[in-house]
Amino acid sequence: MKVIENYDDWVDPSTYLERLFVELSCRDNLLVDRIVGNAKLPVEYLDERELSSLIEGENSPSLGEGKRNLILSNNKGDFVKDCPATKTYRCCDYRIINIGTGCPMDCVYCILQAYLNNPNLTFYVNTDRLFNELDELLNSNPDKVVRIGTGELTDSMALDRITGFSRDLIAFFSEYDNGVLELKTKSSFIENLKNVNHAGRTVMSWSLNSNEITSKTEFRASSIESRLHAAKQCGEMGYHLGFHFDPIIDYPGWQEGYHQTIEMLFKTIPAEKIKWISLGAFRYVPDLKKVGTRRFPESSIFYHEFVKGLDGKQRYFRSQRTEIYSKIYNQIKRFASPETCIYFCMESDEIWKEVMGFTPKQQGGLPEMLDKTFC
Ligand code: SF4
């Protein structure tokens, strides 16, 4: 596998954008003005026919080229959705805010390569409707902790330098004491998080991996050191923090690699700032292997033994997952605050029991375990 980035060379991924397209019907939108002003790119206005040709017609770019195009358009569907978890594995009752699709970073394992049918990046600008949907959701669940994040179909902060949308969301959530916003990222851009009243309702969270996996599979993402430095600054600004070891990848040297990252995490971040840490071993839908191996032929992450899980995804064998999880979990446990919720993303009760010694049900359920960190 080739290493294409030196850790010190990281630049904000939004600087890779080359073309900005605006759906004609959005041209008077104030958020469009803000983004056009910040992006400083030539702007092309497109009608519906031109837009659909760019998305899936004769002008549609490749996945790699599409990462340099940003389309500003209206979201015609719902902004707020339930996380597409499966019934088979323990899920955490999470909700998603669909602020846009695609990501200017480029991870070998990224599910979006197989999932999205639009190769361009899209950011939705009819956010009045988004805030109405959130209002309704939060007002109709006054006695529940509503955990919700934007990092499902994009990275929460990858375009924040030009959209500035983190500030709008953080300010909105500061007014609800039953909402918890999670902004999940591999970027280190945190400028817009400064001097905003978050009222303790936002969790800034970072995906973590070993340095080797980061440098060989997470192109244009910031280094682990730089992510942790950004997290430390956010902690100092009073934000709660979360970390996601996902996907954990089995490769020669994984023990040492993950051990180093865990040590760096707890050397940099005060344990009591961390609300949650999730663990998820590499898993993928079969279609991803075709795209991933074609786009990243140097990568070996798909060339491993996998078994088809109950959700149809390829996963490492259970014995291997248990071994990897046990090592990582026990290392994290040595340093973590007892208040931090350490959990598996999409794993079975058997794995929970074997590794952690209990099932989520015995602790009241995974959603409750996470909610408790806010009660
Ligand atoms: S940072 Fe996340 S959304 Fe972006 S390419 Fe990587 S996995 Fe995909």
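**A strand and its neighbours**

Analyst: Let's start with strand β14, which four bridges join to strand β18 (residues 341–344), the two running parallel. Strands here are DSSP runs of E with at least two residues, helices are runs of H or I with at least four, and both are numbered from the N terminus; two strands pair if DSSP finds at least two bridges between them. This is a predicted model, where local features need pLDDT of at least 70, side-chain atom pairs count only at pLDDT 80 or more, and totals for chains, interfaces and linings use all residues. Residues are numbered from 1 along each chain as its sequence is written.

Within this pairing, Ile277 sits opposite Ile342 of β18. Strand β14 also has a parallel partner in β13 (residues 240–248), to which six bridges join it. There, Leu241 faces Ile274 of β14. Between β13 and β14 the chain passes through helix α10 (residues 254–268), making a right-handed β-α-β crossover (clockwise from the first strand over the helix to the second, with the strands pointing away from the viewer).

How enclosed is β14 (residues 274–281)? Seven of its eight residues are buried, so the rest of the structure largely encloses it; buried means 20 or more other C-beta atoms, placed from the backbone, within 10 Å of a residue's own.

Leu241 returns in the largest nonpolar core, which has 89 residues and in which Leu241 and Ile248 have the most contacts. Such a core is a set of buried Ala, Val, Leu, Ile, Met, Phe, Trp, Tyr and Cys residues joined through C-beta atoms within 7 Å. Leaving aside residues up to four places away in sequence, Ile248 touches Tyr258, Leu279, Gly280, Ala281, Phe282, Ile324 and Ile328, where contact means C-beta atoms, placed from the backbone, within 7 Å.

Technical notes: Buried ≥ 20, exposed ≤ 12 C-beta atoms within 10 Å, placed from the backbone. Contact = placed C-beta atoms within 7 Å.
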